[in-house]
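Me: I am new to this structure and would like to know what stands behind the words used for it. Could you take me through them?

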Amino acid sequence: MSEQKPVEETVDSQRLESLIEDLSKSLNKDDEAVEIISKGADAIVEQNKALVEAVEKSIASINEKLESFVNRLDSLEGNLEKGLNDLASQPIQKAITAEAEVAPAEVQETVVISKSMVLETAIAELKTCSNPQRLAELRKGIAQLESNYAPEVVAKSLNINL
């Protein structure tokens, strides 16, 4: 019986050695994987640093241009205000000192066309007209007048002379 005990210990020690070797191999593989992942992560970090630096430079450049623009705008605003104050302080000079005389023959009376005038004329023509196209034009003109179109424009489009 004492001989069986060393056999079990031998089997156990061989099995233990095998497990230790497997563990060592897996740790070495894990170290390789960690190293690969670490290198990849470092590359990503470096790439992101470069991008962040480029963005920071761009923002700084934009900020400088914006400050320059604001300063120039302030300068222009000051110049504009000074110019307007100078103009306001000057006396107003009239360019025309006398009005032109108008000969009586040149005076034309302007007829003010009202909505009611155009509406009355269009309704009167609507009652007597038999042309379907003209009737449609007159109805459209009346609707435009009711929608507050300019009476002059409607009268012109309907060829109504008042």
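Reply: Gladly; here are some terms, each set against its definition. This is a predicted model, where local features need pLDDT of at least 70 and side-chain atom pairs count only at pLDDT 80 or more, while totals for chains, interfaces and linings use all residues. Residues are numbered from 1 along each chain as its sequence is written, and side-chain values use heavy atoms, with hydrogens and water left out.

Me: Why is Arg134 called buried?

Reply: Buried means under 20% relative accessible area, exposed means over 50%, and partly exposed is in between (1.4 Å probe, protein chains only). Arg134 has 14% relative accessibility, so Arg134 counts as buried.

Me: What makes Glu137 partly exposed?

Reply: Its relative accessible area is 33%. That value lies between 20% and 50%, so the term for Glu137 is partly exposed.

Me: How do you know that Arg134 and Glu125 form a salt bridge?

Reply: A salt bridge is a side-chain nitrogen of Lys or Arg within 4 Å of a carboxyl oxygen of Asp or Glu. For Arg134 and Glu125 the N to O distance is 2.6 Å, so the pair qualifies. Arg134 also forms a salt bridge with Glu137, with the closest N and O atoms 3.2 Å apart.

Me: What separates Arg134 and Glu137 along helix α3?

Reply: They are three residues apart in helix α3, which means about one helical turn. Helices here are DSSP runs (H or I, at least four residues), numbered from the N terminus.

Me: What is the span of helix α3, and what is expected?

Reply: The expected span is 1.5 Å times one less than the number of residues. Helix α3 (residues 132-146) has 15 residues and reaches 21 Å from its first C-alpha to its last, close to the 21 Å expected.

Me: What covers the buried residues of α3?

Reply: The cover includes α2 (115-128) and α4 (151-157), where contact means heavy atoms within 4.5 Å. Among the buried residues of α3 are Leu135, Leu138 and Ile142.

Me: Why is Lys49 called partly exposed?

Reply: Lys49 has 45% relative accessibility, again between the limits, so partly exposed is the term. Lys49 and Glu46 both lie in helix α1, three residues apart.

Note on methods: Helices (H or I, at least four residues) and strands (E, at least two) are DSSP runs, numbered from the N terminus.
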